[in-house]
Amino acid sequence: MNTSPGDAGRAGGPAGQQRSFVLIPGAGGTAWYWHRIVPLLRQAGHEAIAVDLPGDDPAAGLPEYTDLVASAIGGRHDVVLVAQSLGGFTAPLVAAKVPVASLVFVNAMIPRPGETPGAWWDDTGWAGARVAAAEQGGYGTEIDLAVYFLHDVPPEVAAAGEPYQRPEADAVFGSVCDFPGWPAIPVRAVAGSGDRFFPAAFQQKLAADRLGTEADLLPGGHLIALSQPAALADYLLGVA
């Protein structure tokens, strides 16, 4: 690692500087996931771009995702790259391809160089951590959409999102995240304190092991941009 994300990650740009927030979604790739965050960032005077990825395309993997995000960035400067969940595997590839000012992982799969998303689950010990958190928290250990993802999302928001949902094809899980190492930019990790899919303690250990930094806790579950948009937007604006 070329810089210490634990130190650099808390250094934003000059006060009042306009930034371009480029938002990478998780599995399924729907840009709609960020629809409650985008207007808040824009109201604060920044540019916000939610990238739609072809999650259900069996021919699309990390290289294709990376190209789409890099194309959305174009020649922009002062880019804050924000990655949710599976989007964590695309983010370092983008940062290696085009200049970005900072990187924020949100309830994300933080990769190691050369790792695949398919290997990440066993490499990190995710399953054991998830089950242990469920047993301690008193909710079911079988993954259920309502229990693990929608438990804190307003019902009207969850209902509005149904037409945008699509499955994630298998291709991406075999894609190698081939990046040389973390760039010398601020890197942060955000963990939802109520995340049941990636429990907060698991995320904190992951960030410490892989980034050498402490994950910042915010209220909200795995779909934090839908359940706690104001809290997440305020956090992101602290980068700008």
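Modeller: Asp78 is a place to start, since at 33% relative accessibility Asp78 counts as partly exposed, where partly exposed lies between buried (under 20% relative accessible area) and exposed (over 50%), computed with a 1.4 Å probe on protein chains only. Please keep in mind that this is a predicted model, in which local features need pLDDT of at least 70 and side-chain atom pairs count only at pLDDT 80 or more, while totals for chains, interfaces and linings use all residues. Residues are numbered from 1 along each chain as its sequence is written, and side-chain values use heavy atoms, with hydrogens and water left out.

Colleague: Where is the place of Asp78, and what is its phi near?

Modeller: Asp78 sits in the loop between helix H3 (62-73) and strand S3 (79-84), and its phi is near 55°, a positive value in a residue other than glycine. The helices (H or I, at least four residues) and strands (E, at least two) are DSSP runs, numbered from the N terminus.

Colleague: And Ser85, is that one buried or exposed?

Modeller: Ser85 counts as buried, at 8% relative accessibility. Its place is in the loop between S3 and helix H4 (91-97), and Ser85 has a positive phi of about 50° although it is not a glycine.

Colleague: Changing topic, which residues of H6 are buried?

Modeller: Trp126, Arg130 and Ala134 are the buried ones in H6. They cover an arc of only 65° around the axis (taken from the directions from the helix axis to the C-beta atoms), which puts them on the same side of H6. Glu135 and Gln136, on the other side of H6, are exposed.

Colleague: What do the buried residues of H6 pack against?

Modeller: They pack against helix H5 (117-124), helix H7 (145-148) and helix H9 (200-211), with contact taken as heavy atoms within 4.5 Å.

Colleague: How far apart are the end C-alpha atoms of H6, and what is H6 followed by?

Modeller: The end C-alpha atoms of H6 (residues 126-137) are 16 Å apart, which agrees with the 16 Å that its 12 residues should span at 1.5 Å a residue; the expected span is 1.5 Å times one less than the number of residues. H6 is followed by Gly138, whose phi is positive, near 80°.

Colleague: Now H9, which of its residues are buried?

Modeller: In H9 the buried residues are Ala200, Phe202, Gln203, Leu206, Ala207, Arg210 and Leu211. They cover an arc of only 150° around the axis, which puts them on the same side of H9, whereas Ala201 and Lys205 are exposed on the other side. Just after H9, Gly212 takes a positive phi of about 70°.

Colleague: What volume does the largest pocket have, and which residues are the closest to its centre?

Modeller: The largest pocket has a volume of about 670 Å³, and of the 27 residues that line it, Ala27, Leu145, Phe149, Gln165 and Leu223 are the closest to its centre. On a 1 Å grid over the protein atoms alone, a pocket is an open set of points with protein on both sides within 12 Å along at least five of seven lines, a cavity is a set where a 1.4 Å probe fits but cannot get out, and lining residues have an atom within 4 Å of a point. Grid points are joined across faces, edges and corners, and a volume is the space filled by probe spheres set on the points.

Colleague: How do the residues of that lining divide?

Modeller: The lining of the largest pocket divides into 16 nonpolar, 9 polar and 2 charged residues, where Ala, Val, Leu, Ile, Met, Phe, Trp, Tyr, Cys and Pro count as nonpolar, Asp, Glu, Lys and Arg as charged, and the others, Gly among them, as polar. Helix H8 (residues 155-161) gives the most to this lining, with 3 residues.

Colleague: How much space lies in the largest cavity, and which residues line it?

Modeller: About 40 Å³ of space lies in the largest cavity, and the residues that line it are Phe105, Ala108, Ile110, Ala189, Val190, Gln203, Leu206, Ala207 and Ala215. Strand S5 (187-192) and H9 are the elements that give two or more residues to that lining, and the largest share, 3 residues, comes from H9. By class, the lining of the largest cavity has 8 nonpolar, 1 polar and no charged residues.
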